[in-house]
Amino acid sequence: MSSFEFDPLGASVLSYPFPSFAELRKQCPVYHYKKDGHDFYILSRANDIAEAGRNVAVWSNRYGPIEHDMPPDLAFNSDPPQHTEFRQVFASQLTPAAVARHSDMIEGFANQLIDSMLKRTEGDFHDDFAFPLPAMVVTALLGVPAEDHVIFKRWADEFLSESFNSADPTTRLRVLGEMNAYSEALTKKYRDMLAAAGVAE
């Protein structure tokens, strides 16, 4: 019986996780964490993670990548065939031909970001270009203002930070409330457009 212990929510792991994860891979690459109401397994080796992603009969995506309070069978938190159908909706917009159709829009956003960068003497390439460019394209494809990518970024950062770093699942409710309100308004917009085009259902 190994005496090795690993706490993914420990202060030292959260502040600088790399040495702890290296030791985890060495000592116990498949770790059962059961503490303070948590009960889940941690895979720490790339090959094991890849195999788990392919073997949905054993490793289900149903509850997502985090352990607590995730809605099951929702979008990314699902297994085939539901997950396959969900991915196909987006895959059609990510083919080379689909991207080529949007090349003018993408180049326009890229030029806009570069122009903004040239007005400053320093900056961070990720924050100033690498992140906002794809985010602006996604918002445009969703039919919402491109500047809303800033809101999406804040939601993603806060949701993931609170999901992985907080032992209290209720801390994400505020972010989820904002996201749900936004998505409901966007869904209503699409339904109204369909109705105006004569698509009742």
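Val-56 lies in the loop that runs between helix H3 (46-54) and helix H4 (82-91). The model described here is predicted. With a relative accessible area of 29%, Val-56 is partly exposed, because that class covers values between the 20% limit for buried residues and the 50% limit for exposed ones. When neighbours within four places in sequence are left aside, Val-56 is in contact with Asn-61, Asp-79 and Pro-80. One of these residues, Asp-79, is 23 residues away from Val-56 in sequence, while the C-alpha atoms of Val-56 and Asp-79 are 6.7 Å apart in space.

The chain as a whole contains 10 helices and 2 strands. Read along the sequence, these elements follow the pattern α-α-β-β-α-α-α-α-α-α-α-α. The chain has 201 residues, of which 23% count as buried. Among the contacts between residues at least 6 apart in sequence, 36% join residues at least 24 apart.

A nonpolar patch on the surface is formed by Val-30, Tyr-41, Val-58 and Trp-59. Together, these four residues have about 390 Å² of accessible area. Val-30, one of the members of the patch, is found in strand S1, which spans residues 30-35. Val-30 has a relative accessibility of 39% and therefore counts as partly exposed.

Key. Residues are numbered from 1 along each chain as its sequence is written. This is a predicted model: local features need pLDDT of at least 70, side-chain atom pairs count only at pLDDT 80 or more; totals for chains, interfaces and linings use all residues. Side-chain values use heavy atoms; hydrogens and water are left out. Helices (H or I, at least four residues) and strands (E, at least two) are DSSP runs, numbered from the N terminus. Buried means under 20% relative accessible area, exposed over 50%, partly exposed in between (1.4 Å probe, protein chains only). Contact means heavy atoms within 4.5 Å. Patches are made of residues with over 30% relative accessible area and no salt bridge: like charges are joined within 9 Å, nonpolar side chains (Val, Leu, Ile, Met, Phe, Trp, Tyr) within 5 Å. Accessible areas come from the Shrake-Rupley method with a 1.4 Å probe; for residues, only the protein chains shown count as cover. A salt bridge is a side-chain nitrogen of Lys or Arg within 4 Å of a carboxyl oxygen of Asp or Glu.
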